[in-house]
Amino acid sequence: MNQIDLKGRVAVITGGARGIGYAIAERMLASGAAVSLWDLDKAALKAAAAALASKGTVSTREVQLTDEPAVQKAARATVKAHGRIDILVNNAGITGGNAKVWELDTAVWRQVVEVNLIAPFIVSKAVVPGMIRNGYGRIVNIASIAGKEGNPNASHYSASKAGLIGLTKSLGKELATNGITVNCITPAAAKTDIFNQMKPEFIQFMLSKIPMNRFVEVEEIAAMAAWLASEDCSFSTGAVFDISGGRGTY
């Protein structure tokens, strides 16, 4: 594993109790950062904190990311516990199952957009002012290759991730002179708990689209996130970083 220097940095990772978020927490701890895991699953947070305790400084916040007052409270508590927030990884997301547009429940469609797009906006809104005051920050949004291509039978997920790409580009430009970079990653599918929300035939469809003929490993996504969260990533902002095993065409 190549060493990324995040010593002394404080990172907030949403959806950090499992899957991609947990892998990013591991990698950032290994790189010297302190991490705060924000998640809605109290039991998973407890388990994650216990598993990561020996690797570095870890705190947890049980928070509904679509609840703006709750997110603002979590941000204040994190700053109180760690002194500041240097890095934000907007990772939390859901798929909402698979169906054609006209078969999807409108409430489910709205929920996917709320969690995958509105929540990153709310969390960024809570964290960015402190980064501006400190004159430094790194924001990494976990989007998806689906946001670039549009997966059939996943319009809600694809649209929400396309929106997250757009949010990344806008926020990156807004913060370009503040010492804060904002970038996003567009992974192909990784084998995480999110697979439990998908139909087997949809999982096979996603695999068939990847030239490397395998799913991305969460550790590979974490490695890219760690570099984007580092001082080494100093002149890329509002950018989209592909990690799709050759699937991405632009």
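This is a predicted model: local features need pLDDT of at least 70, side-chain atom pairs count only at pLDDT 80 or more; totals for chains, interfaces and linings use all residues.

Student: What makes A81 buried, exposed or partly exposed?

Tutor: Its relative accessibility is 47%. Buried means under 20% and exposed means over 50%, so A81 counts as partly exposed. As for distance, A81 and F235 are 154 residues apart in sequence and 30 Å apart in space, C-alpha to C-alpha.

Student: And how do you know whether A44 is buried or exposed?

Tutor: A44 is found in helix α2, residues 42–52. The relative accessible area of A44 is 13%, and the cut-off for buried is under 20%, so A44 is buried. From A44 to V10 it's 34 residues in sequence and 21 Å in space, C-alpha to C-alpha.

Student: On to the rings. How many aromatic pairs are there?

Tutor: The structure holds two. One of them is W227 with F241.

Student: Why is the pair of W227 and F241 called edge-to-face?

Tutor: A ring pair is described by the distance of the centres and the angle of the planes. For W227 and F241 the centres are 6.0 Å apart, with 65 degrees between the planes. Centres within 6.5 Å make a pair, and planes over 60 degrees apart count as edge-to-face, so W227 and F241 qualify on both counts.

Student: What does the pair tie together?

Tutor: W227 lies in helix α8 (residues 218–228) and F241 in strand β7 (residues 239–243), so parts 14 residues apart in sequence are tied together. W227 itself is partly exposed, with a relative accessible area of 31%.

Student: How do you know that R9 sits over the face of Y136?

Tutor: R9 is at 3.8 Å from the ring centre of Y136. The distance limit is within 6 Å, and there's an angle limit as well. R9 is listed as lying over the face of Y136.

Student: Why does the contact of D242 with K148 count as a salt bridge?

Tutor: The N to O distance there is 3.8 Å, and the limit is within 4 Å, so D242 and K148 still make it. D242 is in strand β7 and K148 in helix α5 (residues 146–149), so parts 94 residues apart in sequence are tied together. D242 counts as partly exposed at 32% relative accessibility, whereas K148 is buried with a relative accessible area of 14%.

Student: What about R247 and E149?

Tutor: That salt bridge has an N to O distance of 2.8 Å. R247 sits in the segment after β7 and E149 in helix α5, 98 residues apart, and the pair links distant parts of the chain. R247 is buried, with a relative accessible area of 6%, and E149 counts as partly exposed at 29%.

Student: Which residues are joined into one network?

Tutor: R9, R84, D86 and E231, through salt bridges that share partners. The search of the whole structure finds nine salt bridges.

Student: Now the pockets. What makes up the lining of the largest pocket?

Tutor: By class, 24 nonpolar, 14 polar and five charged residues. This pocket has a volume of about 860 Å³ and is lined by 43 residues, with N91, A92, G93, I94 and I194 nearest its centre. Helices α1 (19–30), α4 (106–134), α6 (155–174) and α7 (200–208) each supply at least two residues of that lining.

Student: And which residues lie closest to the centre of the second largest pocket?

Tutor: The second largest pocket has a volume of about 200 Å³. Of the 14 residues lining this pocket, V79, A126, V127, G130 and R133 are the closest to its centre. The elements giving two or more residues are α3 (68–82) and α4, and α4 has the largest share, eight residues. By class, the lining has seven nonpolar, three polar and four charged residues.

Definitions and conventions. Residues are numbered from 1 along each chain as its sequence is written. Side-chain values use heavy atoms; hydrogens and water are left out. Rings of Phe, Tyr and Trp (its six-membered ring) pair if their centres lie within 6.5 Å; planes under 30 degrees apart count as stacked, over 60 as edge-to-face and the rest as tilted. Helices (H or I, at least four residues) and strands (E, at least two) are DSSP runs, numbered from the N terminus. Buried means under 20% relative accessible area, exposed over 50%, partly exposed in between (1.4 Å probe, protein chains only). A charge sits over a ring if NZ of Lys or CZ of Arg is within 6 Å of the ring centre and within 35 degrees of the ring normal. On a 1 Å grid over the protein atoms alone, a cavity is a set of points where a 1.4 Å probe fits but cannot get out, and a pocket is an open set with protein on both sides within 12 Å along at least five of seven lines; lining residues have an atom within 4 Å of a point. Grid points are joined across faces, edges and corners, and a volume is the space filled by probe spheres set on the points. Ala, Val, Leu, Ile, Met, Phe, Trp, Tyr, Cys and Pro count as nonpolar, Asp, Glu, Lys and Arg as charged, and the others, Gly among them, as polar. A salt bridge is a side-chain nitrogen of Lys or Arg within 4 Å of a carboxyl oxygen of Asp or Glu.
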